[in-house]
Amino acid sequence: MNLFSGLKFGYNSLSKPSFKKLMVVSFSVFIVSCLTAVFVLGLDSLFVFLISLFV
Amino acid sequence: MSGPFPILLLVFSVLDCNVLIDGSCIFLNSRDLTYGFSFRKKFLLTVLCIIVYRFLLMIPLPFVDLEYVQSLFGSNSSLMFLNVVTGGSLSSVSIVALGITPYISASILVQMLSVVIPVIAKYHKMGYTGEKKIKRLTDVLAIVLGVIEAIGIVFGFRSAGLLIDTNWYALFVDIIVLIVGMLFVVFMSNYISDHLFGNGVSIILTVGILSNFVSGVRSLFMDLTVNASLSTKIFVIFAIAFGLFVLFSFTTWLHLCVNRIHVVYSSRVSMSGQSVNDHSVIPIRLVGSGVLPVIFATWVLTFPSLLTTLTGKEFPWMVIFDTSRWFSANEWWLSFGAILYCLLIIGFAYYYQNLTFNCTEIADTLKRNGGVVSGVRPGLPTAVFLHDQVKYITLLGSICLCIISLIPIVVSRVFSVGHVGFMGTSVIIVVSTVLDCLTEYKASVKVDRYVRSKSFFGMESLFLLSKNNGI
């Protein structure tokens with residue numbers, strides 16, 4: 001088996017998620033990541049503000 | 001269960017139900033009332049750990065010239081990657097600047113050593129006791145690596161002129177503070193993994209990456225919209241959001257793709273006297289090694305650059321490792337660095353896959369337990385079949401990893417923007433962590449529903465849940 005047919009064999013043997021499932025899961029992951037990023041940013045800003053009050 | 005114990009449980013459960021009915025926990029529906037207590041407590045404690053970690057990141061290491069360090073990190077793209085992964089702790093030179101990296105290095109090293117040292121390989125087969133021994137070994141190795149890294153960082157800072165005070169007392173204090181900070185982060189990540197929600201190491205890494213996410217998107221937007229009109233700015237916002245979503249979707253797709261090899265076990269007689277055929281599945285993931293090959297490859301690439309920065313000596317051949325100079329039309333030969341990077345990723349992916357998925361061992365285990373892969377003879381033919389499957393899937397997965405890790409470099413080159421550290425490798429870490437957390441949550445809810453469906457008036461489930469909660 002050469003490289004390309006091997007890759008094709010590997011790709012065909014995979015069970016892939018449906019488009020709908022992929023969209024739902026990736027949207028959930030994207031939203032959770034964005035919310036966490038905003039939360040951490042807010043947290044950092046809060047700490048910077050609190051530290052600036054005391055220093 | 002005797003004495004006031006069941007009554008206490010009932011009171012706890014009712015109190016918790018009331019809280020949840022008020023709608024304070026948005027993650028659970030009305031069927032997950034008793035589950036909410038455990039999950040909410042674990043989730044809130046995990047958030048508390050994150051808050052403590054972010055607070056510690058704000059405290060700078062004593063005797064360090066912060067402004068000079070930040071200017072140094074802004075100009076070096078390789079150091080920027082390390083900085084993104086450690087959540088900005090390196091550029092801010094906080095007391096937890098070492099972060100979780102020594103522990104990750106130690107765990108990778110222990111896994112690698114299991115091939116060379118038979119005792120560690122034996123621990124892997126010993127079950128729970130072996131796991132505990134491996135964990136202890138990883139902790140010790142993490143401390144050793146942490147001490148070495150702390151000494152290296154502090155002396156490197158001194159030789160690069162980043163320290164305000166360079167006497168022995170200042171050096172000693174900085175080393176001790178870095179080691180204690182690292183130990184605290186390792187303790188916290190272990191606590192999250194053992195008692196709370198998700199994998200501690202992944203969560204700390206993810207939080208570190210996401211802390212740079214908003215500022216990264218903002219700087220990309222600013223770079224792309226210099227002197228642009230309002231309509232262009234709106235278009236760029238949507239383009240960035242769409243691009244990120246596509247990247248997240250592709251990474252999620254990589255994590256969801258799996259090859260399920262069906263195994264049939266020989267018949268056995270059940271309690272009722274009927275003949276039963278057992279089935280199971282051997283999953284081979286497209287990116288079974290996760291992000292580790294990319295981290296390995298990046299560390300190999302970062303090392304010469306780090307050495308140059310810290311020692312101040314320039315070697316001409318080190319230019320090839322500078323990611324900001326890849327894919328340039330004028331210096332096309334420097335793109336060989338990208339090829340080397342991809343080869344390292346593929347090589348490490350194969351190495352790690354061989355470590356974690358031993359085809360011969362799996363084939364032997366199947367044969368011993370009377371299991372047969374459909375259409376393949378047991379023993380050596382099964383091992384060859386599994387090896388063929390793993391070989392091509394790993395190659396495909398590692399090529400996908402190469403594509404994702406090269407995206408930030410290509411984007412920064414094509415659009416002539418600064419380092420886009422929040423794309424690529426960082427997305428792989430974030431997606432895998434979030435997917436793990438979602439899977440863990442889903443599995444816990446399923447177990448909880450099953451326990452409640454088997455109980456009578458909920459008392460049995462309350463007892464089981466109380467055991468899980470440690471009441």
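## Close-up views of a two-chain predicted model

**View 1. Strand E1 and strand E4 of chain B lie side by side as antiparallel partners.** Strand E1 of chain B covers residues 258–265. Seven bridges join E1(B) to E4(B). Strands of a sheet pair through backbone hydrogen bonds, either parallel or antiparallel. Which residue of E4(B) stands opposite His262(B)? The residue facing His262(B) is Val281(B). This is a predicted model.

**View 2. Three strands of chain B make an open sheet.** The order is E4-E1-E5, and the pairing is antiparallel. Strand E4 (279–285) and strand E5 (371–373) of chain B stand at the edges. Each has a single partner strand, so one side of each is left without a neighbour in the sheet. From one strand to the next, the twist averages 35 degrees.

**View 3. Chain A meets chain B.** How many residues of each chain are in contact? The contact involves 34 residues of chain A and 36 residues of chain B. The size of an interface is often given as the accessible area lost when the parts come together. Here chain A and chain B bury about 3100 Å² between them. Carbon and sulfur atoms account for 83% of that area.

**View 4. Polar contacts and helices at the interface of chain A and chain B.** Four residue pairs are in polar contact across this interface, with both residues at pLDDT 80 or more. On chain A, helix H1 (3–12) and helix H2 (19–54) each supply at least two residues of the side that touches chain B. Which element gives the largest share of that side? The largest share comes from H2(A), with 22 residues. By residue type, the side of chain A that touches chain B divides into 24 nonpolar, eight polar and two charged.

**View 5. A salt bridge links Asp44(A) and Arg54(B).** Side chains of opposite charge can pair when their charged atoms come close. In this pair, the closest N and O atoms are 2.7 Å apart. The count between chain A and chain B is one salt bridge. Over all chains, a search of the whole structure finds three salt bridges. Why does the pair of Arg54(B) and Asp44(A) join two chains? Arg54(B) lies in helix H2 (residues 33–57) of chain B and Asp44(A) lies in helix H2 of chain A, so the pair joins two chains.

Key: Residues are numbered from 1 along each chain as its sequence is written. Chains are lettered from A and ligands numbered from 1 in the order in which they are written. This is a predicted model: local features need pLDDT of at least 70, side-chain atom pairs count only at pLDDT 80 or more; totals for chains, interfaces and linings use all residues. Side-chain values use heavy atoms; hydrogens and water are left out. Contact means heavy atoms within 4.5 Å. Buried area is the accessible area (1.4 Å probe) that two parts lose on being put together, summed over both. A salt bridge is a side-chain nitrogen of Lys or Arg within 4 Å of a carboxyl oxygen of Asp or Glu. A polar contact is a pair of N or O atoms within 3.5 Å; within protein, one must be able to donate a hydrogen and the other to accept it, and residues adjacent in sequence count only if both atoms are side-chain atoms. Helices (H or I, at least four residues) and strands (E, at least two) are DSSP runs, numbered from the N terminus. Ala, Val, Leu, Ile, Met, Phe, Trp, Tyr, Cys and Pro count as nonpolar, Asp, Glu, Lys and Arg as charged, and the others, Gly among them, as polar. Two strands pair if DSSP finds at least two bridges between them. Axes are lines fitted to C-alpha atoms, for helices over the stretch in contact, and angles run from 0 to 180 degrees between N-to-C directions.
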